[in-house]
Amino acid sequence: MTFSYFLGGSIGTLAATWAWSHAGWNGVCGVAVVFLVLAVLSHFVIGEPEKLVTE
């Protein structure tokens with residue numbers, strides 16, 4: 001699970017850096033919108049994750 005967080009963070013950083021070098025803040029905001037749309041779509045397609053029981 002932690003690996004997924006670090007992988008997602010590094011991909012997001014890479015995409016934002018690339019967008020900044022090509023389009024400045026507009027590019028970074030565009031990348032953020034794309035990732036947000038993907039997150040919402042995946043939530044509706046995959047559904048809510050199961051809750052972990054920690055008892």
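**A helix with a kink**

A straight helix of 45 residues would span 66 Å at 1.5 Å a residue, whereas α1 spans only 20 Å between its end C-alpha atoms (the expected span is 1.5 Å times one less than the number of residues). The model is predicted, so local features need pLDDT of at least 70 and side-chain atom pairs count only at pLDDT 80 or more, while totals for chains, interfaces and linings use all residues. Residues are numbered from 1 along each chain as its sequence is written, and side-chain values use heavy atoms, with hydrogens and water left out.

Where does α1 kink? A kink of about 145° is centred on A23, the bend being the angle between axes fitted to the seven residues ending there and the seven starting there. The protein has one helix and zero strands (helices are DSSP runs of H or I with at least four residues, strands runs of E with at least two). Its radius of gyration, taken over C-alpha atoms, is 14 Å, well over the 10 Å that the globule rule (2.2 Å times the number of residues to the power 0.38) gives for 55 residues, so the protein is more spread out than a compact globule.

Of the 55 residues, 11% count as buried, where buried means under 20% relative accessible area, exposed over 50% and partly exposed in between, with a 1.4 Å probe and protein chains only. Within α1, the residues A15, A19, G24, G27, V28 and V31 are buried. F3, which lies in α1 (residues 2-46), counts as exposed because its relative accessibility is 62%. After α1 comes G47, whose phi is positive, near 100°.
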